[in-house]
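Q: I have a model open and want to learn how to read its packing. Where do we begin?

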Amino acid sequence: MPPEVNLLNERNNGESLLKLIAKNLVLSCHDVSSGGLITALAEMSITSKFGAKIQKPKKLTNSLKYFFGEDQGRYIIEIKPKNLENVENMLKNDSIHFDKLGLVEGDKITLENDLKLSIDDIKEGYKKWLKEYMVN
């Protein structure tokens with residue numbers, strides 16, 4: 001089944017994101033859609049050439065749903081560490097659920113001990129998958 005769409009939450013999330021952007025608190029942003037969170041991170045890394053060190057949320061119940069779910073109204077935002085408290089307070093005031101994913105660093109996406117992919121490998125796979133899929 002596709003994820004349920006909650007238009008009120010989606011609107012609230014989008015409006016809160018726009019407020020953060022208007023206050024110059026967002027360095028970069030990507031919606032979480034096709035392919036989920038990991039795909040959005042990969043696309044951000046390909047574009048920026050920066051990797052990320054990701055941590056699983058402490059109360060994670062379903063890793064596949066969390067990292068690959070295509071839920072509506074989810075965003076990854078990159079902020080400066082000095083703005084973390086301000087951003088968290090704004091999101092809490094707007095009743096936005098959020099998780100701190102990790103840090104922008106290096107040239108790989110790492111997810112604790114579960115995943116380690118170089119940006120070059122991600123980029124190569126991204127460029128070749130359709131051609132290889134169509135040939136097979």
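A: Begin with the term. A nonpolar core is a set of buried nonpolar residues joined through side-chain atoms within 4.5 Å. This is a predicted model.

Q: Which residues of the largest nonpolar core touch the most other members?
A: The core has 17 residues, and L37, L41, I54, F67, I76 and L101 touch the most other members. At least two residues each come from α2 (36-48), β2 (52-54), α3 (63-68) and β5 (108-111). Helix α2 gives the largest share, 7 residues.

Q: What does L101 touch?
A: Leaving aside residues up to four places away in sequence, L101 touches L37, K53, I54, Q55, Y66 and I76. Another core, of 8 residues, lies apart from the largest one; L20, V26, L91 and I96 are among its members.

Q: How many aromatic pairs are there?
A: For a ring pair, check the distance between centres, then the angle between planes. The structure holds 1 such pair. R74 lies over the face of Y66, 5.6 Å from the ring centre.

Q: Which residues of helix α4 are buried?
A: In α4 (residues 84-93), V87, E88, M90 and L91 are buried. Their arc around the axis is only 165°, so they sit on the same side of α4. The face turned away from that buried side carries exposed E85, K92 and N93.

Q: What covers the buried residues of α4?
A: The cover includes α1 (7-22) and β3 (74-78). Just after α4, S95 takes a positive phi of about 55°.

Technical notes:
Residues are numbered from 1 along each chain as its sequence is written. This is a predicted model: local features need pLDDT of at least 70, side-chain atom pairs count only at pLDDT 80 or more; totals for chains, interfaces and linings use all residues. Side-chain values use heavy atoms; hydrogens and water are left out. Rings of Phe, Tyr and Trp (its six-membered ring) pair if their centres lie within 6.5 Å; planes under 30 degrees apart count as stacked, over 60 as edge-to-face and the rest as tilted. A charge sits over a ring if NZ of Lys or CZ of Arg is within 6 Å of the ring centre and within 35 degrees of the ring normal. Buried means under 20% relative accessible area, exposed over 50%, partly exposed in between (1.4 Å probe, protein chains only). Helices (H or I, at least four residues) and strands (E, at least two) are DSSP runs, numbered from the N terminus. Contact means heavy atoms within 4.5 Å. The arc is that of the directions from the helix axis to the C-beta atoms.
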